[in-house]
Amino acid sequence: MKNFRKIIINFIAIFIVSLFTADIQAQDNFGIGVNFGGGSIGGNLLNSGSFNTSLFVEGNPGFNGNYLIRLTFVYVTDMNVLLPSNTIRYYPFLKGISLKGIQSQDYDNSIYSEEGLGVIALNDRTYSSFNVWDYGAAFSVLVGLDLRHGVEKGFKIGIGGEYGLTFTNTTVRYLSAYLQSELFF
């Protein structure tokens, strides 16, 4: 377990160093983005509806323009948190980070798809007495519109889905369908 934490910290450190050495590696793809949507949350509780949001940064590792490395902060909570005048005092939630490799394909001048695969660390707070870190894998797919029209800077938008599954401790998981917006610098 501690070795896995060290591996994740090393991956994050390498990612951050590669982002700040853009001039050395001649990186031309650096982006930040956000997504939000709905889905389900599960683990040691029955699956329930969820509100999901993520904030991410990504960059080109330098060996291929179609591959990106994405570092994501994930937050998933019970859908009831959005409803007014609800008497529930505790809403189950998950928060964590993922590090994924993203592959992108362009189909037309503006239509693209991307697939992602990587590792995830989730803090399970599905019950008020839980505060457990779980580790596993994250998978994502997305179809969208590239609004940059052939230039490197600009926006991309899309509709996607992500599945996060952990293999340790409480084996918590989430499924998300979302809208995504991303800005490239």
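Strands, like helices, are taken here as DSSP runs numbered from the N terminus, with at least two residues (E) for a strand and at least four (H or I) for a helix. The structure is a predicted model, in which local features need pLDDT of at least 70 and side-chain atom pairs count only at pLDDT 80 or more, while totals for chains, interfaces and linings use all residues. Residues are numbered from 1 along each chain as its sequence is written, and side-chain values use heavy atoms, with hydrogens and water left out.

The side chain of D134 is joined to that of T170 by a polar contact of 2.5 Å. Such a contact is a pair of N or O atoms within 3.5 Å; within protein, one atom must be able to donate a hydrogen and the other to accept it, and residues adjacent in sequence count only if both atoms are side-chain atoms. Leaving aside residues up to four places away in sequence, D134 touches several others, among them I120, L122, T168 and V172, where contact means heavy atoms within 4.5 Å.

Next come the strand pairings, for which DSSP must find at least two bridges between two strands. Strand β4 (residues 93–106) pairs in the antiparallel sense with strand β3 (residues 67–78) over 11 bridges, and G96 of β4 is the bridge partner of V74. An antiparallel pairing over 14 bridges links β4 to strand β5, residues 111–125. Here V119 in β5 stands opposite L99, and a hairpin of 4 residues leads from β4 to β5.

Turning to charged side chains, a salt bridge is a side-chain nitrogen of Lys or Arg within 4 Å of a carboxyl oxygen of Asp or Glu. Side chains of opposite charge can pair when their charged atoms come close. The count by this rule comes to 5 salt bridges. One of them pairs E58 with R70, with the closest N and O atoms 2.7 Å apart. Since E58 lies in strand β2 (residues 48–59) and R70 in strand β3, this pair ties together parts that are 12 residues apart in sequence. R70 also meets E182 in a salt bridge of 3.9 Å, N to O. With E182 in strand β8 (residues 173–184) and R70 in β3, the parts tied together are 112 residues apart in sequence. E58 is buried; R70, at 2% relative accessibility, counts as buried, and so does E182 at 1%. Salt bridges that share partners join E58, R70, E114 and E182 into one network. Another salt bridge connects D146 and R148, whose closest N and O atoms are 2.9 Å apart, and both of these residues are buried.

The surface, finally, carries a nonpolar patch of about 650 Å², made by Y107, I111, V143, L145, L147, F155 and I157. Patches consist of residues with over 30% relative accessible area and no salt bridge, with nonpolar side chains (Val, Leu, Ile, Met, Phe, Trp, Tyr) joined within 5 Å and like charges within 9 Å; accessible areas come from the Shrake-Rupley method with a 1.4 Å probe, and for residues only the protein chains shown count as cover. Strands β6 and β7 (154–166) each supply at least two residues of the nonpolar patch. F155 lies in β7 and is partly exposed, with a relative accessible area of 44%.

Definitions and conventions:
Buried < 20%, exposed > 50% of the residue type's maximum accessible area, 1.4 Å probe, protein only.
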